[in-house]
Amino acid sequence: MSTSIADAPRVEPRAPWFAFLGAPAAWSVQELASYSLTAHACYPMDRPLAMPSSGAAWTATFIITVAALVVALLAFGSAVRIWGDLRRAARTTGEEAVHDAERGAVARYLAFIGIPFGALFSAIIVFGLVALLVLPACG
């Protein structure tokens, strides 16, 4: 049974870009926000504190880190789904159906590269979460 070109999966144009850049962007926001909050809580003036000046800084950093992890995992999952759908479609409908006018090729490439990016940056965020839970904030 041959599937027609009309049956090829339609990919939202922004979805592969989220799959590609979602996890690195989530890590960047998490890193910058966490560093800023912790630095201000531990070094409000010219001398470091033994304990953070506010317990809210740790809580905010925790929430930001968990939110970044969720975004990174969503990007990873969407990369796996998009790449799998486009790869399956390439096998069943032929390469020309999936790669019409380079759009399918770009989406497939972005999703393929988004898989290791998602895994790597999710792991980095998890390591940051572990450090947040284990290490003293101003130590």
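Two salt bridges are present in the structure, a salt bridge being a side-chain nitrogen of Lys or Arg within 4 Å of a carboxyl oxygen of Asp or Glu. The model is predicted, so that local features need pLDDT of at least 70 and side-chain atom pairs count only at pLDDT 80 or more, while totals for chains, interfaces and linings use all residues. Residues are numbered from 1 along each chain as its sequence is written, and side-chain values use heavy atoms, with hydrogens and water left out.

In one of the salt bridges, R81 pairs with D85, with the closest N and O atoms 3.5 Å apart. These residues are four apart in helix α2 (residues 55–93), which means that about one helical turn separates them. In the other, D85 meets R88 at 3.1 Å, N to O. D85 and R88 are three residues apart in α2, again about one helical turn. Through shared partners, the salt bridges join R81, D85 and R88 into one network. An α-helix has 3.6 residues a turn, so residues three or four places apart point the same way. R81 is partly exposed at 46% relative accessible area, as are D85 at 26% and R88 at 47%. Here buried means under 20% relative accessible area, exposed over 50%, and partly exposed in between (1.4 Å probe, protein chains only).

The protein contains four helices and zero strands, in the order α-α-α-α from the N terminus. Helices (H or I, at least four residues) and strands (E, at least two) are DSSP runs, numbered from the N terminus. Of the 139 residues, 32% count as buried. Among contacts (heavy atoms within 4.5 Å) between residues at least 6 apart in sequence, 80% join residues at least 24 apart.

Helix α1 has 28 residues and reaches 39 Å from its first C-alpha to its last, close to the 40 Å expected at 1.5 Å a residue; the expected span is 1.5 Å times one less than the number of residues. A bend of about 45° occurs in α1 at L21, and the proline P24 follows within four residues. The bend is the angle between axes fitted to the seven residues ending at a position and the seven starting there. The buried residues of α1 include F20, G22, P24 and Q30. Q30 has 6% relative accessibility and therefore counts as buried. Apart from neighbours within four places in sequence, Q30 contacts I64, T65, A68 and I125. A25, also in α1, is partly exposed at 40% relative accessibility. A25 lies 8.7 Å from A68, C-alpha to C-alpha, although 43 residues separate the two in sequence.

The 32 residues of helix α4 (residues 103–134) should span 46 Å at 1.5 Å a residue, and the end C-alpha atoms are 45 Å apart, which agrees. Helix α4 bends by about 30° at G114, with the proline P116 following within four residues. Among the buried residues of α4 are G104, G114, F121 and I125.

The protein exposes about 8,700 Å², of which carbon and sulfur atoms supply 70%; accessible areas come from the Shrake-Rupley method with a 1.4 Å probe, and for residues only the protein chains shown count as cover. A nonpolar surface patch is formed by W58, V126, F127, V130, L133, V134 and L135, with about 700 Å² of accessible area together. Patches are made of residues with over 30% relative accessible area and no salt bridge, like charges being joined within 9 Å and nonpolar side chains (Val, Leu, Ile, Met, Phe, Trp, Tyr) within 5 Å. Helix α4 supplies the largest share of the nonpolar patch, five residues. V126 counts as partly exposed at 35% relative accessibility.
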